[in-house]
Amino acid sequence: MTKKEILKRIEKENIQFIKLCFVDILGRLKAFAITRRELEHALEEGMGFDGSSVEGFARIYESDLRLLPDLETFNVLPIAFDGTKTAMMFGDIITPEGKNYEGDTRYILKKNLEEMNKAGFDRFMVGPELEYFYFSSSDKPQILDEGGYFDSVPVDEANDLRRETILVLEEMGISVEYSHHEAAPSQHEIDLRYDDALKMADKVILYKLVVKQIAAKRNIYASFMPKPINGFNGSGMHVHQSLFSKGKNMFFDGKDENYLSKTAKAYSAGILKHVREICAVTNQWVNSYKRLVPGYEAPVYIAWARRNRSALVRIPQSIVGYEKSTRIEARFPDPGANPYLAFSVMLKAGLEGIKKGYELPKSVEADIYEMNEIERKAKSINTLPGSLLEAVEEFSKSRIMREALGEHVFSKFIENKKIEWDNYRITVTDYELKRYLSFL
Ligand SMILES: Nc1ncnc2c1ncn2[C@@H]1O[C@H](COP(=O)(O)OP(=O)(O)OP(=O)(O)O)[C@@H](O)[C@H]1O
Ligand SMILES: [Mg+2]
């Protein structure tokens with residue numbers, strides 16, 4: 001939309017407020033509202049804000065930042081959202097010197113997409129599947145139904161809630177492919193139709209906001225916490241990916257026995273080779289590693305497969321005539337990740353595989369959970385980091401992570417995650433009390 005069209009729509013729909021949105025380094029949505037009188041000026045020069053209290057942003061002495069709205073992101077929140085007519089826009093964060101701000105993770109994704117262009121591709125297509133739970137409140141994970149995978153009403157009581165959520169998403173131009181009850185009780189998934197990575201990262205932020213808001217209207221709490229309940233599957237964010245050039249899916253090769261191009265194989269090999277370095281970003285919370293344990297559909301072992309859902313990277317069967325849907329699926333990320341950074345680090349690892357011509361190891365179709373350590377060693381199947389601490393150590397040694405995120409975000413991220421781990425490390429947990437208090 002042009003500036004003129006946006007201003008006209010604001011007028012015509014009598015929209016009073018426009019929320020200017022961005023995310024902090026951890027992917028948490030931040031917004032400040034401006035009145036429509038301010039919008040014309042904001043679209044021209046951006047709107048100043050104090051960045052000093054934003055996680056991972058500048059401290060006091062250099063905090064005068066501006067948010068310059070990105071016209072392509074103009075969106076109107078449907079009335080059903082909160083009963084008002086509010087518009088939303090994402091944008092670029094600009095320093096007082098007029099440069100893009102190195103702490104702006106949306107800008108970091110843009111930079112990685114430029115690297116992709118230099119490597120000869122013009123579109124990075126992403127299809128994330130975000131799983132989540134509905135709970136009675138945010139105090140404790142009280143489940144609302146006993147449903148299971150693809151269960152339907154009456155067990156699937158949240159069917160209406162998902163339906164209302166999908167209608168709001170669709171009204172905002174966020175295409176939904178389908179939705180269903182997931183494997184764990186009270187766990188759900190709404191599948192978005194894939195799109196360009198930057199647009200999809202914006203959509204992921206809006207998706208989480210809308211899922212939570214529509215649930216809150218019915219006094220229900222929607223959570224994207226990776227592992228809220230011991231003994232149940234956790235919530236993942238499988239990320240389907242492919243690279244296009246001039247309208248052609250570069251992951252497809254009609255001559256290959258699996259219709260998979262050399263590019264797709266090298267890209268997958270890049271993700272497998274660097275996954276221990278990127279986990280700190282795609283699985284950024286202490287709780288993320290409570291999901292990455294054997295026995296719950298979440299991947300633990302570094303291997304790829306075509307059908308085997310215990311593998312870390314799955315390559316769904318391609319069908320001739322459906323070249324466009326040839327893709328790879330990364331099954332380790334979780335919905336607690338900052339989507340701008342998660343898409344950046346996976347793209348970087350994939351492009352590294354293409355640039356360096358990595359070989360894709362043999363696929364592993366057998367159930368890796370059934371293998372013992374000797375069998376896994378024989379197949380040189382390594383494991384993901386077992387904790388946030390281990391993941392941050394791998395991350396901080398990584399050259400490609402430093403390149404992908406830039407000095408500012410790279411060091412701020414490590415700083416933040418070390419504090420989080422330390423807070424967890426020094427806390428006495430319920431587990432310890434139950435385990436030790438009665439006999440020590
Ligand atoms: N070329 C492509 N590039 C990226 N994503 C794509 C491409 N083609 C399709 N997709 C996306 O891949 C996702 C496929 O989701 P789907 O739920 O079918 O996957 P699944 O992994 O088989 O499901 P599950 O993990 O629940 O068993 C959708 O978001 C779809 O839009
Ligand atoms: Mg999947």
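This report walks through side-chain contacts and a metal site in a predicted model.

**The magnesium site**

Let's start with the magnesium ion (ligand 2). Its protein donors are Glu129 (OE), His238 (ND1) and Glu329 (OE), and they lie 1.9 to 2.4 Å from the ion. Along the chain, these donors follow the spacing E-x108-H-x90-E.

**Aromatic rings**

Strand S7 comes up again among the rings. The structure holds 13 aromatic pairs. One of them joins Tyr132 and Tyr207, and it is edge-to-face because the planes stand at 75 degrees, with the ring centres 6.5 Å apart. Tyr132 sits in strand S7 (residues 123-135) and Tyr207 in helix H6 (residues 197-216), so this pair ties together parts that are 75 residues apart in sequence. Both tyrosines, Tyr132 and Tyr207, are buried. They also belong to a cluster, in which ring pairs link Tyr132, Tyr134, Tyr207 and Phe224.

Lysines meet rings here too. Lys227 lies over the face of Tyr296, at 3.5 Å from the ring centre. Over the ring of Tyr358 you will find the charged end of Lys273, 5.3 Å from the centre.

**Salt bridges**

How many salt bridges does the structure hold? The count comes to 32.

| Salt bridge | N to O distance | Location |
|---|---|---|
| Lys3 and Glu44 | 3.9 Å | helix H1 (residues 3-12) and helix H2 (residues 36-45) |
| Lys377 and Glu373 | 3.6 Å | helix H10 (residues 373-378) |
| Asp422 and Arg425 | 3.0 Å | helix H12 (residues 399-425) |

The bridge between Lys3 and Glu44 links distant parts of the chain, 41 residues apart. Lys3 counts as partly exposed because its relative accessibility is 31%.

Lys377 and Glu373 are four residues apart in helix H10, about one turn of the helix. Lys377 has a relative accessible area of 60%, so it is exposed. Glu373, at 53% relative accessibility, counts as exposed.

In helix H12, Asp422 and Arg425 are three residues apart, again about one turn of the helix. Asp422 is partly exposed, at 36% relative accessibility, while Arg425 is exposed with a relative accessible area of 52%. Elsewhere, salt bridges that share partners join Lys348, Glu352, Lys355, Lys356, Arg399 and Glu403 into one network.

**Cysteines**

How many disulfides does the model contain? The count comes to zero. For background, a disulfide is a covalent bond between the sulfur atoms of two cysteines. Cys21 counts as buried because its relative accessibility is 1%. Cys279 is buried as well, with a relative accessible area of 0%.

How values were computed
Residues are numbered from 1 along each chain as its sequence is written. Chains are lettered from A and ligands numbered from 1 in the order in which they are written. This is a predicted model: local features need pLDDT of at least 70, side-chain atom pairs count only at pLDDT 80 or more; totals for chains, interfaces and linings use all residues. Side-chain values use heavy atoms; hydrogens and water are left out. Rings of Phe, Tyr and Trp (its six-membered ring) pair if their centres lie within 6.5 Å; planes under 30 degrees apart count as stacked, over 60 as edge-to-face and the rest as tilted. Helices (H or I, at least four residues) and strands (E, at least two) are DSSP runs, numbered from the N terminus. Buried means under 20% relative accessible area, exposed over 50%, partly exposed in between (1.4 Å probe, protein chains only). A charge sits over a ring if NZ of Lys or CZ of Arg is within 6 Å of the ring centre and within 35 degrees of the ring normal. Donors are N, O and S atoms within 2.8 Å of the metal (3.2 Å for Na, K and Ca); water is not among the atoms, so sites may look incomplete. A disulfide is a pair of cysteine sulfur atoms within 2.5 Å. A salt bridge is a side-chain nitrogen of Lys or Arg within 4 Å of a carboxyl oxygen of Asp or Glu.
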